[in-house]
Structures are given as structure tokens and as C-alpha cells.
Amino acid sequence: MRTPSRHPLAKRWQSADRDGGHTPYFPAVSRVCVRDSAPRQRDELGEGNSMTGKEIVIAPRPVPYGSAAADLSDEPFAIRMAARLGDTKRSVDRFVHELRYRPPRARTARMLVLIPAHNEEATIAKTLDALLTQSRVPDRIVVIADNCTDDTEKIARRYRGVTVMRTVDNHDRKVGALNQAWRRWQAGYDFIAGIDADTQLAPDCLQHLEEELANTPRAGGVMARYTFDQRLGTTPMARLLIRLQRMEFAGWTMDALQKNRTTYVLGGQASLFNADALRRVTERNNTPGPWDASAQVEDMQLTGDLRGMRYETLVSPNARAHAGAMLTFRSLWAQRRKWDEGMARLLAKPQLSKWTATLWRQQLSLLSNGVTRLLFLFLLTFSLMVHQFVWSWWWLTPTVVASLLNARVAWTMPNRTMGDVVTAMLLLPVEAYLWFRLACTTASWSNVLAGIKRDGWEDQARAERGASNGPGRIITAVAIVAVLAGLTVFGWLHAPLWLQERVLTVGWSLLAVVTVLQTLMMLIRLVRPSRGYRP
């Protein structure tokens, strides 16, 4: 006999089996098949022990979630509700499982561009045109109209997709404008770019900067490679100044690229920053924004803060930007005075780090070049005055090496011309520019050591407008140099013979050693492989 089951549905299955009724409901399968198992049992147990019965075969195909397996209209209410609740639970379980183990959704980084602008009506349109045609268009472009008295704000408002913001009670010039825009717009952005209002980006500049920043661990910021448009020069002097600035920036950029692309300053002309890194700098310094209003070189100070927090500061090998060049000697002098004095004030602080060590090496290199040239002029003059000068062709070696090094830098410049190469090989314009840089650095350090504070921003703005700060400073500097030179010559002519002989012997020997070392350093730079980089 068949043993009755205690399961509530067992009686219904047996009744359906016996009476030939409909197939009982089984919610976990798609169909139930019933077949006679008596022949197999007779074979196993023998004729005398045969038992008759039915074997239930369950098809493996599962019932889809949310659908009934059979018509339940004739079933009791409890069974129908249990079936529906089971289907509902399975649907909910499946939904929760898919939600919990869904693949991560790719999130597109958001980029904010800040453009501080003070009376930039002549260049702001070109800057915005270049930004809006980028292969990676920024998510928001903010033009910060800082106390403008021209049509800068009016021109910027003509562009769709450009936000124009006016500064409020800003007395910190560019730094204050950047910090006000930072506080207003930085939330929710992953990358923040600072672009000068006279800088035009190459069409793929932001794309390269973003890729570099996203793919570099602990990257705090990446700057573009800067150059200048030679066509902006309308006079011979302006064209010469642009050419010399292009060579200076090309040499500096090439050195940075060959030193693991690390830079000690993320130039404010065109740099992209990690927004989280800027937020951490702001929190650590407890300032209104990441840019320091007390520094004349806010971009260099920010770079030092990032380096102090173990962030990488890099030069992109691919991104290109055309910055605004200084077209007059007066404006170039004011700009470099602001830069040099700002760096000197940073180094005057009692702090020493890997970043400041880089700044000191740069300053000492410039100092050694200045001392070498001054020492050569003094020794040459003193030797001629006492008829002790003897010419040697070996002194042409550093001149030839320097000329070749300058020619190599000029050859790697973007959009080079034959005038660039000729200017570099002639050496005289480059040498004059070096003396100009030495004069700027000397004047800046003199102000810092004497405790004299000046508004470098205002001086540069006046110089760019064509206004003069007056000839008094230049006359005073020339008078001081003339007095010192006169006293030196007078003392030399009245010095005893043994002292003159000792000074000339030691001086020429020291100059020879320093010149050999400098020539070797130039040779290393000359033969150093470029590794595929171009400035």
C-alpha cells in the first residue's frame, strides 16, 4: 500500500492520481509529469513482490519570477495568497541581488575653469574661443571680472556656456579674484583649471591635462608647455623680446621634462589642478582659498604647498598653451621683478625642503653665471691696466659650447624660424638677456634684504599700460654702479704691486676652475638625450 503523506498537498496529489483529475499545483516548476513506475519495480522486486505506484518527474525548467505556474482560480484563498507571496518574495530577492552586485557605473569627471580678468578686452575673446572649441570642453567656464573698467565683462557675456562673475570688495588682485571664484564654484568638481585671460590653449590642451592628471597617482597639478606667438611683435624690439622669451621658456621646459617632468612652479597661465588637493591645501593653511594673497608669486607658493603635502607637480609633455608675452622692455622688467622678488621672499623664510632646495639651486646657478662674468670683466680690465693680459684660445671653448646649446634649444622650439636659430647662435642677444635677468634678480634680492616692500602687481600693470614708474630708480641704480666701479678702479691703481700680482694669479685660477665646471655642465645638457620630449 502507498503510505499516505502528512503534507497538506499530499491528499490532493493522491486524489488527482486516483481520479485522473487535473495536475496538482507545484509553484517551483513549470510542469509536472506522472508516469507508471510499476514495470521497473517488478523487475527489481520480482513478480511476487511487485507494487503498483506512480513516480512524479519534475521538469527542470524554473518558473519565471512573478508569474503563476498554473491556473489557481479553483484553489483555496490561502494557497493563492501563498503562491503570490512566494512570487513576490522571489522578485524582491532578485531585485536586491542585482542592485547589490551591479557593476560600478562609470562617472565622468567634472572640470571647472577659472579665468581672472582685469581689463582684458583685447584678449578675452580669443581665450574663450579657444576654450569653447576644446576636444574636452569644460563643464563650467567662469570669467572673473575683477574691477574692470573696460568691455571685458561685456564681451564675456556674449558667449553661451560662459559664466561671468564680478568680484566684491577685492583688494588682493588676481589672488583675491581666484579665491572668491573658488569659494563660489568649487563644490562638486574634480578638476579645476586656472587660465590667464591672455592665454590661448591648443585644441587638445585640456584633454591632455585631464588625462595626465587622472592617470598619475598623487598628482596635485599639471601645467601645459608654454610658448609665445612671434606674430604679436609689431616692432623689431618687440619681436626680439618675444624670441628671447620663447627661448627662455623652451630651455626651462626642456629641463623640467628631462627631470621626470617635475616642476617647482605650476604656472598660472594654464594649469589643471586636482580639486581635492586644493581643498586640502585650503584646510591646512586655514585660508579663504588655495591661493595665498600674501605672495607675489601665488602659483609658486601653491606649488610649494602641494609639494609639501606629497603631491606631484608635473609638466605635461603634450598639452600646449600660448601665453601672453611682454612686448616692451619696461613691461618685461616689471614682470620679472615681480617674479624674482616673490621667489626671494619665499626663500627668505626659515624653511628648507626638497622644493626650496630646487629654488636655491636655480638661484645659485644664476648667481654663478653672474659672478663668472663679473670676475672675467674685472680681471680682464685689471690685467690690461697693468699690461699683464695674455690671450689663450681656450677661452673660446665655453663660448662655442654655449652657442651650440642655445642653437639646440632654438631648434626644438615650436614654430621655430631661421631668425630663432640665428639669434641663438650669435650669442650676443642671449648674453644681453642673461645680463638683464641678472639685473632683475639683483634688484629683487636687494629690496628683500633691505626690507623694502613694493606692489609688484601694480608696477606690472602700469608697465603694461605703457606708464613709466619714473627714471629715478634707473638713474639711482646707474649712479650706484658707476660709483662702485670708480672706487674699484681707483683702489686697484693704488694697490701695491704684490697685491695686484696675487689678485691676478688667484683670480684667473679660480675663474678657470669655475669656467671648466660650467662648460662641463653645458656639455652634459648639450648631449643629454631628449627622450622624445619637445618644449
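Is Cys205 buried or exposed? Cys205 is buried, with a relative accessible area of 0%, where buried means under 20% relative accessible area, exposed over 50% and partly exposed in between (1.4 Å probe, protein chains only).

**View 1. The chain as a whole.** This is a predicted model, in which local features need pLDDT of at least 70 and side-chain atom pairs count only at pLDDT 80 or more, while totals for chains, interfaces and linings use all residues. Residues are numbered from 1 along each chain as its sequence is written, and side-chain values use heavy atoms, with hydrogens and water left out. The chain has 18 helices and 10 strands, which are DSSP runs numbered from the N terminus (helices H or I, at least four residues; strands E, at least two). Of its 535 residues, 42% count as buried.

View 2. Cys148 is partly exposed, with a relative accessible area of 23%, whereas Cys205 is buried. The structure holds 0 disulfides, a disulfide being a pair of cysteine sulfur atoms within 2.5 Å.

**View 3. The crossing of helix 12 and helix 15.** Helix 12 (residues 354-385) and helix 15 (residues 428-450) pack at an angle of about 115°, with their axes 10 Å apart; the axes are lines fitted to C-alpha atoms over the stretch in contact, and angles run from 0 to 180 degrees between N-to-C directions. The two helices are therefore roughly perpendicular to each other, a term that covers angles of 65 to 115 degrees. The contact (heavy atoms within 4.5 Å) is made by residues including Trp360, Arg373 and Leu377 of helix 12 and Glu431, Trp435 and Trp445 of helix 15.

Notes:
Angles under 35 degrees count as roughly parallel, over 145 as roughly antiparallel, 65 to 115 as roughly perpendicular and the rest as oblique.
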